[in-house]
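Student: Could you walk me through this structure? I would like to start with the backbone and then move to the charged residues.

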Amino acid sequence: MTIYTVQPDDTVDSIAAANGVSSDSIIYINQIPYPYRLAVGQALLLESANPLVSEQRAAYIGGYAYPFISRFVLNETLPYLSYLYVFSYGFTAEGELVPPILDDGFMIEAAAQFTAEPVLTLTPFGADGNFNNNLISAVVNDTEARERLKDNIIAAVQEKGFYGVDIDFEYIKAEDRDAFTDFVRYITEAVHSLGYPVSVALAPKTSAAQRGLLYEGKDYAALGAIADYVLLMTYEWGYKYGPPMAVAPINKVREVLDYAVSVIPPEKIHLGIPNYGYDWTLPYVRGGQGAVTLGSVEAVQLAVENNVEILYDETAMAPYFYYSKDGENHEVWFEDIRSVRAKFNLILEYRLRGAGYWTVMNLFRANWYLLAEYFDVLIP
């Protein structure tokens with residue numbers, strides 16, 4: 001494969017002719033809808049006789065998905081995954097397991113057909129659907145609730161056909177740090193008794209002493225030692241209610257990796273990769289209207305429809321653009337094939353175990369074609 005950046009007056013046909021590939025392949029790989037218009041600055045993945053990397057590296061690849069994922073998108077994505085993280089299973093303060101509202105059986109069956117392993121993702125969601133650190137406190141500090149939750153998790157893994165558990169707890173209170181670590185150890189021992197792995201999602205810390213509700217409750221070194229592998233949630237610098245910026249600027253991601261590999265073996269680390277972007281209305285006002293979430297293909301079409309150029313920030317290694325509509329100005333940051341390639345290169349540079357996508361709900365076909373160029377996806 002090779003990456004081509006669209007220039008003024010380019011068309012799909014002219015790019016195909018200049019690069020010796022078919023127009024149909026460009027349209028298919030890059031999900032370009034009829035009438036096949038392009039945006040100046042748009043990055044396209046093209047077939048090429050010259051590989052982008054000298055040889056493939058073996059890696060484990062995971063992706064999070066809700067049970068309302070399109071079956072078409074799921075089937076298109078599963079061939080590139082080692083793990084499918086089913087999002088998500090909650091729990092009560094008493095330790096009762098709360099399954100997703102929608103049936104996830106088809107996801108588990110589909111994963112098995114494609115030899116990807118379905119994983120039960122455990123989250124402390126409250127009744128409002130948000131992370132609830134009081135719920136975390138109630139369970140990790142109560143012996144009976146913790147045991148009941150453990151038993152319910154083991155039962156669900158066996159009954160539903162899961163092949164592991166992913167513990168995704170956020171906003172853990174600082175005073176619950178050690179209790180949470182003990183909880184992870186307790187659950188891991190139980191899941192290991194079935195012969196399955198446990199992973200833990202980690203907020204993107206840059207030091208052990210980092211302050212903040214996202215960070216203080218997670219002991220990188222201890223959790224990295226207990227879990228079979230961890231996911232670094234290296235995204236959301238640019239977020240729905242924050243100012244416009246790249247979702248996963250590569251310079252910030254690198255800072256997290258520098259700390260992570262100093263306390264966790266690289267061969268136990270998955271790099272988090274966002275599969276989305278945000279559209280902010282300008283001017284940004286703190287506490288005001290939140291940004292609109294959109295997929296990579298959707299973002300490009302927004303630029304095409306508004307006839308604007310896609311720019312690329314060489315520091316963040318991320319694409320962005322501006323447009324105006326209905327009297328309002330907008331700023332959009334998203335992921336494209338160039339920003340994904342930058343993250344793949346970090347996986348190689350730091351010799352990480354693999355990657356985890358939040359989420360695989362939107363199909364980004366060029367990403368998967370590029371991933372197949374870089375990595376030999378391992379089956380656990």
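Student: Where is R351 found?
Tutor: R351 is found in the loop between α11 (337-350) and β16 (354-358). Helices (H or I, at least four residues) and strands (E, at least two) are DSSP runs, numbered from the N terminus. The model is a predicted one, in which local features need pLDDT of at least 70 and side-chain atom pairs count only at pLDDT 80 or more, while totals for chains, interfaces and linings use all residues. Residues are numbered from 1 along each chain as its sequence is written, and side-chain values use heavy atoms, with hydrogens and water left out.

Student: What is the phi of R351?
Tutor: R351 has a positive phi of about 55°, although R351 is not a glycine. Most residues other than glycine have a negative phi.

Student: Is R351 buried or exposed?
Tutor: R351 is exposed, because its relative accessible area is 57%. The cut-offs are under 20% for buried and over 50% for exposed, with partly exposed in between (1.4 Å probe, protein chains only).

Student: And what about Y36, what is its phi?
Tutor: Y36 also is not a glycine, and its phi is positive at about 65°. This residue sits in the loop between α2 and β2. Y36 counts as partly exposed because its relative accessibility is 36%.

Student: Which residues does a cis peptide bond join there?
Tutor: Y34 and P35 are joined by a cis peptide bond, with omega about 10°. P35 is placed in the loop between α2 (23-29) and β2 (43-46). The peptide bond from L282 to P283 is cis as well, with omega near 0°, and P283 lies in the loop between β11 (277-282) and β12 (292-294). Most peptide bonds are trans.

Student: Changing topic, how many salt bridges does the structure hold?
Tutor: The structure holds 10 salt bridges. The term means a side-chain nitrogen of Lys or Arg within 4 Å of a carboxyl oxygen of Asp or Glu.

Student: Which residue forms a salt bridge with D104?
Tutor: K160 does, and the closest N and O atoms are 2.6 Å apart. D104 lies in the loop between β5 and α4 (105-113) and K160 in helix α6, so the pair ties together parts that are 56 residues apart in sequence.

Student: Is D104 buried or exposed?
Tutor: D104 is buried, because its relative accessible area is 1%. K160 counts as partly exposed, at 32% relative accessibility.

Student: What does E96 form with R148?
Tutor: E96 and R148 form a salt bridge whose closest N and O atoms are 3.9 Å apart. This pair links distant parts of the chain, with E96 in the loop between β4 (83-91) and β5 (97-98) and R148 in helix α6 (residues 143-160), 52 residues apart. E96 counts as partly exposed at 40% relative accessibility, and R148 counts as partly exposed at 34%.

Student: Where do D182 and R185 lie?
Tutor: Both lie in helix α7 (residues 177-192), 3 residues apart, about one turn of the helix. D182 forms a salt bridge with R185, and the closest N and O atoms are 2.8 Å apart. D182 is partly exposed, at 38% relative accessibility, and R185 is partly exposed, at 34%.

Student: Where does E94 lie?
Tutor: E94 lies in the loop between β4 and β5. At 48% relative accessibility, E94 counts as partly exposed.
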